Amino acid sequence: MNTNESNESSGWLLTAVSCGGLLVIGAAWLVTPAGANGAAVTSARQVTILADQVTSAVVSTEPSKPAKGTGNFTGIVTLGGAALDLKPKVKKGDLTAKDAAVCAMDDVPDESLVVDKSTKGIANVFVYLDKAPAGKKYDTPKEPAVFDQKGCRFLPHGLIARVNQPVLVKSQDNIAHNTHTNPIRNTGFNQAIKPVESIGIKLLYDKPERLPVKVVCDLHTWMTAYHLVLDHPFGAMTNAKGEFEIKDLPPGKYEFIIWQESIGYVDRKFAVEITADKVTDKKIAVPAAKFAK
Amino acid sequence: MRIRPALVTLAAVVLTAVGCGQAPEAAFVLHQKTSELSDASRGAVEKELLNKFGTPHQLVAWQKFPFDYGASGENLVTGRNLYMRHCLHCHGVSGDGNGPTARFLNPQPRDYRLGKFKFTSTKSGLKPRRDDLREIVKQGIPGTTMPSFVLLPESELNAIVEYVRWLSARGEYEQKLVATLVGEGGGEKDISRRVNKDGESREAILKGLADFIAKDFVEEAAIAAGDVADSWVAADADENLILPSIARAGLDAKTGLPTDESLHKGRELYVSKKAKCMDCHGPGGLGDGVLTEQFWKIPGTTPEQEYAEPGLHDDWGNVQKPRNLTKGQYRGGRRPVDLFRRVYAGIKGTQMPAFGGTALTDEEIWHLVNYVLMLPHQKTSPAAKHPEKPSVASTGG
């Protein structure tokens with residue numbers, strides 16, 4: 001053992017925190033469950049499922065057919081109740097806005113809850129599997145994803161990137177932005193993007209993330225977007241009408257995460273059973289009360 | 001890139017206990033976020049930490065946590081002893097920046113547990129090299145209470161650095177475990193909300209959590225350990241060291257001082273649309289840019305919450321003023337290359353972004369460095385009054 005040991009230890013023992021901490025550790029251990037074996041857990045539903053059966057009526061565009069032997073999961077996420085009236089984050093022509101010449105060229109909408117007037121569908125909701133189906137590996141798409149900025153707004157507002165698929169950060173604005181993320185697993189990114197960056201700066205996520213990563217620009221406080229990073233293709237974001245489609249799932253039982261930026265989980269474990277050569281369609285309504293501040 | 005096999009051999013056996021003798025004993029404290037977990041979730045985190053890192057008296061070396069802490073297990077014990085003597089009263093037993101004297105200090109001592117360090121020579125987003133940590137401990141951080149330990153022998157400095165890395169890895173690991181459990185719905189507040197607001201059954205929630213802890217948690221913990229280890233290994237990789245691609249630009253061949261032209265370019269860049277240093281540091285470099293008056297959202301909050309105070313914040317949640325560049329005091333070192341690296345990679349854990357390789361060329365960064373280094377010597381700052389008219393009246397000195 002180290003020779004410094006004896007003469008040094010007494011000094012620092014005194015400064016320390018009480019032994020209570022250690023006792024707590026012991027106690028907490030006892031309540032750690034010792035292997036609740038294989039019991040299937042059914043999560044309580046947080047949303048109202050209006051129709052549980054396979055229907056494709058809501059999807060206005062004809063759903064595509066799944067590849068042979070696989071199934072598709074489609075659906076619509078709607079707001080159950082009146083939509084909130086959200087003011088634009090920057091009003092067109094507001095000269096007091098920061099960098100108004102560029103940022104107030106147009107309204108910058110508040111995209112924290114985007115609801116389609118006719119379908120009541122909520123846009124930009126992520127529907128995805130946390131992990132790839134057991135034992136499966138999927139190739140990284142060759143094409144990079146493009147993440148652009150225009151009028152001091154990120155485009156798109158939500159993006160699904162695959163692990164190791166480059167995301168090219170571009171800008172059409174004639175001022176600098178910075179693209180700043182704080183992911184849980186991946187290295188954080190906080191990079192200045194020069195005006196009119198047309199080639200794109202490479203942002204690479206080399207690990208999957210369980211939840212969408214928030215992206216901000218510190219130079220323009222209102223700018224936000226979300227990146228979801230998956231190591232498989234089974235994730236989708238709802239379109240402007242609130243619809244989503246996840247293609248070619250191997251048949252089986254799944255639990256999807258449904259996540260929306262203002263409320264977080266819409267559902268942690270949305271159970272879906274996929275059958276070969278079929279489309280499974282779900283309607284998911286989120287009560288408006290959930291969005292009340 | 002995992003490094004396990006090669007390095008595991010370096011790891012000593014579990015280091016045996018240090019005589020404990022008199023109470024009260026030093027103990028690692030839980031992160032605030034850990035204490036906000038449900039009982040079983042918190043227990044799982046505590047168990048993992050104890051298993052992989054032990055206690056301050058009984059350090060568990062890396063054989064259970066896959067990365068190199070340098071030399072032998074004894075080095076870590078030496079590092080700990082030195083840390084307890086020199087650093088603990090500010091940085092705390094757990095490296096949480098919350099030692100007994102911390103509450104009197106501003107800025108607060110660094111909380112190592114985020115795994116982020118501000119003043120590094122590595123590329124954007126990356127952890128510090130060993131050299132960076134050693135340099136900081138050696139030089140101290142001017143303008144803060146972080147003292148210089150220049151008188152310690154190199155071997156002791158090295159041992160302390162290893163212990164800081166170890167504490168940081170422990171803390172970051174804890175936070176990652178907590179994030180995993182919070183993601184699974186293990187936060188006590190979250191559970192109460194689901195039970196009271198959404199009408200879910202508490203039993204069902206706890207059962208789901210117990211099931212997760214029993215089945216998947218071990219694997220998630222291994223992934224988290226690997227991520228932390230990877231990031232420390234990456235920091236020491238040579239390709240991640242920032243080396244300017246050209247020697248300091250804009251110097252007069254005869255005097256060796258920055259030329260007027262370079263200072264002009266620096267000034268123009270400083271106020272330019274493409275660098276926007278001014279938005280934070282202010283037109284005259286006083287640290288009073290427009291962004292210091294804004295209110296900011298707290299990162300990682302869903303739904304979004306705002307900080308109570310206006311102004312830029314660092315990732316520890318402290319208000320962080322952009323440096324007043326007219327004072328000539330630089331926390332991360334005052335050599336031109338230090339400032340080059342600050343601008344190239346940004347200041348990690350803060351809102352100051354990385355400019356290198358994206359917005360600015362290496363040459364442009366040098367002009368900015370020249371300009372910044374001149375600012376404290378500019379007697380009156382005409383630029384402060386006329387930001388739109390870049391003017392560098394004197395060449396400093």
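Student: Why does Phe212(B) count as buried?

Tutor: Buried means under 20% relative accessible area, exposed over 50% and partly exposed in between, with a 1.4 Å probe and protein chains only. Phe212(B) has 6% relative accessibility, so Phe212(B) counts as buried. This is a predicted model, in which local features need pLDDT of at least 70, side-chain atom pairs count only at pLDDT 80 or more, and totals for chains, interfaces and linings use all residues. Residues are numbered from 1 along each chain as its sequence is written, chains are lettered from A and ligands numbered from 1 in the order in which they are written, and side-chain values use heavy atoms, without hydrogens and water.

Student: What makes the pair of Phe212(B) and Phe217(B) edge-to-face?

Tutor: Rings of Phe, Tyr and Trp (its six-membered ring) pair if their centres lie within 6.5 Å; planes under 30 degrees apart count as stacked, over 60 as edge-to-face and the rest as tilted. Here the centres are 6.4 Å apart and the planes at 65°, so the pair is edge-to-face. Phe217(B) is buried too, at a relative accessible area of 4%.

Student: Why is Trp166(B) called buried?

Tutor: Its relative accessibility is 0%, so Trp166(B) counts as buried. Phe28(B), at 8%, is buried as well.

Student: How do you know that the charged end of Arg170(B) sits over the ring of Phe28(B)?

Tutor: The test is NZ of Lys or CZ of Arg within 6 Å of the ring centre and within 35 degrees of the ring normal. For Arg170(B) the distance from the centre is 4.0 Å. The charged end of Arg110(B) likewise sits over the ring of Trp316(B), 5.1 Å from its centre.
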